[in-house]
Amino acid sequence: MGKKKVEHVVFDGMRKIKKKVNINQYNTQTKMKIMGQTDKQSVQQHPFPPLYDKDSKVLILGSFPSVKSREMKFFYGHPQNRFWKVIASIFDQENPTSIEEKKKLILDNHLALWDVIAECEILGSSDASIKNVKLMVICMMNIQNKVNRVQ
């Protein structure tokens, strides 16, 4: 996995200097400060619908979309997320790159995707920071009688 380098102002003794740092070496709050994002939790609502069709048999549940997924309005949107590589590998298919290819991979293999959290307070993408959760009503999905396994 590549290391993301960003320019960051740091202090070397009393001098203020700029240098490139490996962003992955910091905790979530520090990363957000480096990237210029707020370090305050904000209430977020789940921004996109579940992915399923009448042939879906296995429901894969996540917690809540990452910042990147919320921006893209689709599941597992961050390029470093291994979800799509793993699913493609399980079904011996090419790693999908577009949202349409990802939808096709899920639906062609009788899967469904959804998250258990409808709304929460979250700091960036950190599941560990999630507070004040409102759960998703999964039974509203029309596949509830067809799904035979939840992962």
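Some ground rules come first: the model is predicted, so local features need pLDDT of at least 70 and side-chain atom pairs count only at pLDDT 80 or more, while totals for chains, interfaces and linings use all residues. Residues are numbered from 1 along each chain as its sequence is written, and side-chain values use heavy atoms, with hydrogens and water left out.

The protein chain holds four helices and eight strands. Both kinds of element are DSSP runs numbered from the N terminus: helices are H or I with at least four residues, and strands are E with at least two. Read along the sequence, the pattern goes β-β-α-β-β-α-α-α-β-β-β-β. Of the 151 residues, 33% are buried. Here buried means under 20% relative accessible area, exposed means over 50%, and partly exposed is what lies in between, with a 1.4 Å probe and protein chains only. A contact is a pair of heavy atoms within 4.5 Å. Among contacts between residues at least 6 apart in sequence, 58% join residues at least 24 apart. The accessible surface comes to about 9900 Å², and 51% of that belongs to carbon and sulfur atoms; these areas come from the Shrake-Rupley method with a 1.4 Å probe, and for residues only the protein chains shown count as cover.

Now for the inside. In soluble globular proteins, nonpolar side chains tend to be buried together. A nonpolar core, as the term is used here, is a set of buried Ala, Val, Leu, Ile, Met, Phe, Trp, Tyr and Cys residues joined through side-chain atoms within 4.5 Å. The largest one has 18 residues, and those with the most contacts inside it are F75, F83, W84, I87, I106 and L113. At least two residues of this core come from each of β4, α3, α4 and β5. Apart from it lies another core, of five residues, among them F64, I117, C120 and I122. As for L113, not counting residues up to four places away in sequence, its contacts include P50, L51, F75, F83, W84 and I106.

Most residues other than glycine have a negative phi. K73, though not a glycine, has a positive phi of about 60 degrees; K73 sits in the loop between α2 (67-72) and α3 and is partly exposed at 49% relative accessibility. Y76 is in the loop between α2 and α3 as well, with a positive phi near 50 degrees. Just after α3, D92 takes a positive phi of about 50 degrees.

Finally, the charged pairs. A salt bridge is a side-chain nitrogen of Lys or Arg within 4 Å of a carboxyl oxygen of Asp or Glu, and the whole structure has five. K54 pairs with D55, with the closest N and O atoms 3.4 Å apart; K54 is exposed at 61%, whereas D55 is partly exposed at 32%. K103 pairs with E100 at 3.8 Å between the closest N and O atoms. Being three residues apart in helix α4, K103 and E100 are separated by about one helical turn. In the bridge between E119 and K134, the closest N and O atoms are 3.3 Å apart. E119 lies in strand β6 (residues 117-122) and K134 in strand β7 (residues 131-135), so the pair ties together parts that are 15 residues apart in sequence. E119 is buried, with a relative accessible area of 16%, while K134 is partly exposed at 49%.
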